[in-house]
Amino acid sequence: MKHTRIRTFNTKITYPEQNLDNDLCQAVVARGSTVFLRGQIGQNLDTSESVSIGDAAGQAEQAMANIAMLLKEAGGEIQDICKITIYLIDPRYREAVYRVVGRWLKGVYPVSTGIVVSALARPEWLVEIDATAVIPD
């Protein structure tokens, strides 16, 4: 791991009643260039087209692909992520979205916060994910 991850855990143990397999931690100690990413949604960054209308997992997939692409453009990679925040408009989307995010972040162990909000900027968006990464020196 590129950064020091404190108290790593997997959600299979923390939330045994849910079908999740996410590698997370309680704190990250990182040194390098910090990259703050705008919240990403189910939108193609090249065309501005909304994708996966009505499908929270599909929108999470697009958001994570956007995050990976933006980090690459910034000179980093997914493994540089230290913190993510996941915004959902319905708590029933949690497991489907977290399964997608967990697949993208397997072995990364970021700090994570999940929030349920009443709405996002457009009515067709069901999930938004923002990330902070530190590209090591």
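User: What volume does the largest cavity have, and how should I read that value?

Analyst: The largest cavity has a volume of about 50 Å³. Here a cavity is a set of points, on a 1 Å grid over the protein atoms alone, where a 1.4 Å probe fits but cannot get out. Grid points are joined across faces, edges and corners, and the volume is the space filled by probe spheres set on the points. Searching the whole structure gives 1 cavity of 30 Å³ or more. Before we go on, please note that this is a predicted model, in which local features need pLDDT of at least 70 and side-chain atom pairs count only at pLDDT 80 or more, while totals for chains, interfaces and linings use all residues. Residues are numbered from 1 along each chain as its sequence is written, and side-chain values use heavy atoms, with hydrogens and water left out.

User: Which residues line the largest cavity?

Analyst: A lining residue has an atom within 4 Å of a cavity point. In this model the lining consists of N22, D23, L24, I84, I86, Y98, V101, G102, L105 and S112. By class that gives 6 nonpolar, 3 polar and 1 charged residues; Ala, Val, Leu, Ile, Met, Phe, Trp, Tyr, Cys and Pro count as nonpolar, Asp, Glu, Lys and Arg as charged, and the others, Gly among them, as polar.

User: Which element supplies the largest share of that lining?

Analyst: Elements are DSSP runs numbered from the N terminus: helices are H or I with at least four residues, strands are E with at least two. Helix 3 gives the largest share, 3 residues. At least two lining residues come from each of strand 3 (23-24), strand 6 (81-88) and helix 3 (94-104).

User: Which residues of helix 3 are buried, and what covers them?

Analyst: Relative accessible area is the guide, with a 1.4 Å probe and protein chains only: under 20% is buried, over 50% exposed, and in between partly exposed. In helix 3 the buried residues are R94, V97, Y98, V100, V101 and G102. Their cover includes helix 2 (56-73), strand 6, strand 7 (111-116) and strand 8 (127-136).

User: Over which rings does R94 lie?

Analyst: A charge sits over a ring if NZ of Lys or CZ of Arg is within 6 Å of the ring centre and within 35 degrees of the ring normal. R94 lies over the face of Y15, 4.8 Å from the ring centre. The charged end of R94 also sits over the ring of Y98, at 4.5 Å from its centre.

User: Why does T11 count as buried, and what does it touch?

Analyst: T11 belongs to helix 1 (residues 11-14), and it counts as buried because its relative accessibility is 1%. Contact means heavy atoms within 4.5 Å. Leaving out residues up to four places away in sequence, T11 touches P16, L20, D21, N22 and L24. T11 and D23 are 12 residues apart in sequence, with their C-alpha atoms 6.8 Å apart.

User: Is A131 buried or exposed?

Analyst: A131, in strand 8, has 1% relative accessibility and so counts as buried. Its contacts, with residues up to four places away again left out, are V35, F36, L37, I67, I81, K83 and I84.

User: Where does R7 lie, and what is its phi?

Analyst: R7 lies in the loop between strand 1 (4-6) and strand 2 (9-10). Its phi is near 55°, a positive value in a residue other than glycine. R7 counts as exposed because its relative accessibility is 67%. S52 also has a positive phi, about 55°, without being a glycine; S52 is in the loop between strand 5 (32-36) and helix 2. With a relative accessible area of 28%, S52 is partly exposed.

Definitions and conventions:
On a 1 Å grid over the protein atoms alone, a cavity is a set of points where a 1.4 Å probe fits but cannot get out, and a pocket is an open set with protein on both sides within 12 Å along at least five of seven lines; lining residues have an atom within 4 Å of a point.
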